[in-house]
Amino acid sequence: MPTNARFRTMLAAGTLAASLLVLPACSSSGSTKNSVNAVGAAVNATPTSSADRVKFAKTKFVANASLAAGAAYQWLYKPFKAGTFKSGAKGRTVALVKGGLAGAFTYNRLKAALNDAKGDPTLSKATDALSSSIESIKNLPSKIKGGSATDADFNQVQSVVDGVKKTASQNGLSVTDQVPSASQLTQMVTS
């Protein structure tokens with residue numbers, strides 16, 4: 001038995017073929033412009049099944065959460081544990097800039113993951129808990145850039161990322177740290 005996607009493709013192809021045969025014969029003006037528009041409408045009329053939307057939501061959730069986890073670990077948690085954010089530390093200025101970008105990137109990707117979770121019936125049950133924890137790190141980028149971030153702020157980010165990973169795991173998904181490039185950090189934050 002063909003899969004849903006294969007069935008939709010076969011249905012669209014059959015509709016297209018029938019339209020190409022029938023529409024010119026039915027057209028009173030003989031214009032091909034009308035038949036092209038009718039064919040386009042027939043091809044676009046096949047809706048996406050709810051099963052495809054759920055699968056896509058889970059995939060996007062995992063991708064966004066993995067990028068957030070990777071950025072948080074690489075440019076927030078590791079420098080924090082190494083003491084690079086402390087006053088007088090070698091490389092502090094660069095770490096603060098990267099940390100600020102990573103904080104904004106992490107928040108951005110976690111918000112995107114939250115929106116993706118709302119598209120899945122199972123994950124959507126956890127969105128209330130995730131929403132409040134993600135909002136708790138909203139001001140972290142400005143704190144890092146200003147040098148006023150505390151140990152509690154960095155531990156909070158790690159706690160939020162761990163909570164997202166736990167939610168994913170409870171729903172049969174695996175979120176692994178995927179470190180974004182520096183260009184991804186700046187592109188995501190500025191777009």
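**Reading helix packing and a pocket**

Mentor: Start with a contact: Tyr107, Leu110, Lys111, Leu114 and Ala117 of α4 meet Thr127, Leu130, Ser131, Ile134 and Glu135 of α5. By class, that contact holds six nonpolar, two polar and two charged residues. Keep in mind that the model is predicted.

Trainee: How are α4 and α5 placed, and what is the angle between them?

Mentor: The general idea: two packed helices are described by the angle between their axes and the distance between those axes. Here α4 spans residues 92-117 and α5 spans residues 127-135. They pack at about 165 degrees, with axes 10 Å apart. Angles over 145 degrees count as roughly antiparallel, so α4 and α5 are roughly antiparallel to each other. Their crossing is left-handed.

Trainee: At what angle do α5 and α7 cross, and within what distance do their axes come?

Mentor: The axes of α5 and α7 come within 9 Å and cross at roughly 160 degrees. That angle makes α5 roughly antiparallel to α7. The crossing is left-handed.

Trainee: Which residues make that contact?

Mentor: From α5, Leu130, Ser133 and Ile134; from α7, Gln156, Val160, Gly163, Val164 and Thr167. They divide into four nonpolar, four polar and no charged residues.

Trainee: How many residues line the largest pocket, and which lie nearest its centre?

Mentor: The lining has 15 residues, and Phe80, Phe85, Lys86, Ala149 and Phe154 lie nearest the centre. By class, the lining has seven nonpolar, five polar and three charged residues.

Trainee: Which helices each supply at least two lining residues?

Mentor: α3 (50-82), α4 and α7 (151-170) each do.

Technical notes
Residues are numbered from 1 along each chain as its sequence is written. This is a predicted model: local features need pLDDT of at least 70, side-chain atom pairs count only at pLDDT 80 or more; totals for chains, interfaces and linings use all residues. Side-chain values use heavy atoms; hydrogens and water are left out. Axes are lines fitted to C-alpha atoms, for helices over the stretch in contact, and angles run from 0 to 180 degrees between N-to-C directions. Helices (H or I, at least four residues) and strands (E, at least two) are DSSP runs, numbered from the N terminus. Angles under 35 degrees count as roughly parallel, over 145 as roughly antiparallel, 65 to 115 as roughly perpendicular and the rest as oblique. A crossing is left-handed if the near helix is turned anticlockwise from the far one by less than a right angle, and right-handed if clockwise. Contact means heavy atoms within 4.5 Å. Ala, Val, Leu, Ile, Met, Phe, Trp, Tyr, Cys and Pro count as nonpolar, Asp, Glu, Lys and Arg as charged, and the others, Gly among them, as polar. On a 1 Å grid over the protein atoms alone, a cavity is a set of points where a 1.4 Å probe fits but cannot get out, and a pocket is an open set with protein on both sides within 12 Å along at least five of seven lines; lining residues have an atom within 4 Å of a point.
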